[in-house]
Amino acid sequence: MSPRAFLEVSNRRCARLADVPALEAEDLSNELEVRTRDGWRIVALFGTPETRATLRLTAVIARDDAGELAVASAVVGQRYPALSARCRQASRFEREIAEQCGTLPQGGVSFKPLRRHAPDHAPIEWNVVRGDREAYAFDEVVGEEVHEVAVGPVHAGVIEPGHFRFQAHGEEVLALEIMLGYQHRGVERLLETSDRHHATLVAESIAGDTVIGHASAACGALEALARSRKTPRAQAIRGIALELERLANHIGDLGAMSGDVAFHPASAYLARLRGECLNLLMTISGNRYGRGLIRAGGVAFDIPNDMATEVAGRVERLREDLAPVLQLLFDASSVQSRFESVGVVTRGQCVANGYVGLVARSCDVAHDVRHDFAYGVYRFAQIPVAQAWAGDVLARALVRRLEIQRSLEFVIEQVSTLPRGAERVECGRLQPLEIVVALEEGWRGEVAHVVMTDADGGIRRHKVVDPSFHNWPALAAAMTGNQISDFPLCNKSFNLSYAGHDL
Amino acid sequence: MLDLLRNRFRQRTDPVPMPATSASLPPRFRGRPAVLEASGADASRSLPVIDLGCSVFAPEEFAEGSRVAAFTIDYRMAVRTREALVTSTGEVELAAALDAKMRALLGRSLRLRSVAAGSCGGCEAELTALGNVVFDMARFGVQFVASPRHADGIVVSGVVSANMREALEKTYDAVPDPKIVIAVGACAISGGVFRESAEATGIPPSIPVDLWIPGCPPHPLTILDGLLRLLDKVR
């Protein structure tokens, strides 16, 4: 491992593109293999057309416990030795690159499409074969007593579309194949070609339940590239909004999990309390999901004193209403017995595959961007990392419960001590030929936006990695050996985004 | 058991009355825009055309200080035709009820199948919220069902991505006649912020829409108001 293979960077600090090391594909593959075995994790790995006939692969890796972030790249032709042949964590990313850029990596594991769309980031001189949307090979389990249950893309409830194929023996799931891509809207292309205002609106629509998370990461990248410094007040308001978003989703998820085990009182009360979090966001931003709030340079809406008092009071009341319901949920033995030991993700699986966010925190992997790569308000108001160990549905519920308590405290404290200053400052032209990595701890986990600028300070590449991209395989792993009937509960305990994955 | 009862008394579970008073919405809420009164020399200017079907209700659309139009906190915006969403006064002709024959056929219930077809998940979240104790659409006989064969119609959200087009058409075909189609959100109506994307194909003409509900995402009250107007339960 050569010391200069990777350039050290940090969250929301720009680096010159010229300083990013360009390795041979074999060396990048080697580095990724060694480093992912040595405690590093792939944050993003993506292709950008370099010349008319070559592609630059850029890898962003992180060592969370040390708070280290690093980038390296390799310029390749259409055929190159597959990175995933040696580094298992690279395989999903490499499938994505093959689909987006039209590469033909040699010797990798599987290059079945992730989203089933035509390449939209291919070097123009490449002869790109458009994939067949129908062709889809996967490991089918065969045998006389094995059967397959296929579900979706139109599911039984009001849910986003995805196709699930359970290979089962009786009730026991032997393997779960998840096919996504139904929500693909061409997000990255739009982020790269739209003007700044429209691109912000697109960032708000990457995943409808992570409006604040994605918009903050996208704007954070632009602010770094424009050397725009947000005021402490703007940072605090963004933090409040992000934690309200976390509260709404965690409370809603606990309610939905409660409903899935037929414990209806908690499910009904939690659905209302989730709405109260959304209404708080609406009081601040005019929209229940916080749309319109996050803008480059700060926030579009201030929280004046009287509103701050009102918000603090309502959050306090929310906390009082929530406590007995959570008590009710976690004390019920019928709920405990259904949550426990179902859908287990092990620490080993998590580390090997690079799962993030609350899925990682519920199996003894204490990753949290707010702590490991602290930015904005989180540098001053640290939130302790919530953690559980068992990796089952109960552990994921417990992590949510802990995070709810900590986010409530955070919001009450921040809204009561808002620093003075403007809520928004100017965010001017972007510096040319730079790269920046903006990480945000959305409620599901790490939201990563990697932005590169061209010679004129325009956007050359805007890569988005939603936490669901890392975590969908965790759901398939957790279902193995469980009963089909436990799928709804297990699925709800992850509550992954289809839209965030499909882009 | 005692805990259950204690919680039952403690938690507020009263549904919001319909039609709701605007008092339930905060002053910053961005509902139906209104064209501001022109005064003096300004009076002769031509009125702007606002297409609620394209609007994502971003604060910049009618930025503060704009003399032309501003958002109001009126949540009622659902209409029966695409053209009715285009307005030069901000006023829209709110949805009329289904004809008497269709209403008689439905009786006191409306069963809908939701199809998310290239969305961000925001509209589905608000459709789900319609079932909670606050909006409680079930009290009006409205319910989402699992199978299109049990449904009176479909609710479409999202841009209709290339990958969902076939599934949407199959779901629509599986609903028995006569059937209703409801388009929810800017994406389903016009492509929303994804309008320029090659992946956004839009609701095909073979699926005629009966109710258009604008918003990004529409507030649950906006959706509920539209459904109740269709059923003649709100006028």
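Residues are numbered from 1 along each chain as its sequence is written, while chains are lettered from A and ligands numbered from 1 in the order in which they are written. Because the model is predicted, local features need pLDDT of at least 70 and side-chain atom pairs count only at pLDDT 80 or more, whereas totals for chains, interfaces and linings use all residues.

Q: Which element of chain B gives the most to the side of chain B that touches chain A?
A: The contact takes 51 residues from chain A and 48 residues from chain B, two residues being in contact if their C-beta atoms, placed from the backbone, lie within 7 Å. Helix 1 (2-10), strand 5 (110-116), helix 3 (122-129) and helix 4 (165-174) of chain B each give two or more residues to this side; helices (H or I, at least four residues) and strands (E, at least two) are DSSP runs, numbered from the N terminus. With six residues, the element that gives the most is helix 3 of chain B.

Q: How many nonpolar residues has the side of domain 1 of chain A that touches domain 2 of chain A?
A: An automatic or database domain assignment supplies the bounds, giving domain 1 (1-137) and domain 2 (195-343 + 370-387 + 395-467) in chain A. In this pair, 19 residues of domain 1 of chain A are in contact with 21 residues of domain 2 of chain A, and strand 4 of chain A provides the largest share of the domain 1 side, four residues. Nonpolar covers Ala, Val, Leu, Ile, Met, Phe, Trp, Tyr, Cys and Pro, charged covers Asp, Glu, Lys and Arg, and polar covers the others, Gly among them. By these classes the domain 1 side has four charged, three polar and, for nonpolar, twelve.

Q: Why is strand 5 of chain A largely enclosed by the rest of the structure?
A: A residue is buried if 20 or more other C-beta atoms, placed from the backbone, lie within 10 Å of its own, exposed if 12 or fewer, and partly exposed in between. Strand 5 (residues 55-63) of chain A is largely enclosed because, of its nine residues, the number buried is eight.

Q: Which residue is the bridge partner of V60(A) in strand 6 of chain A?
A: Two strands pair if DSSP finds at least two bridges between them. Strand 5 and strand 6 of chain A pair in the antiparallel sense over nine bridges, and four residues lie between them in a hairpin. The partner of V60(A) is V71(A).
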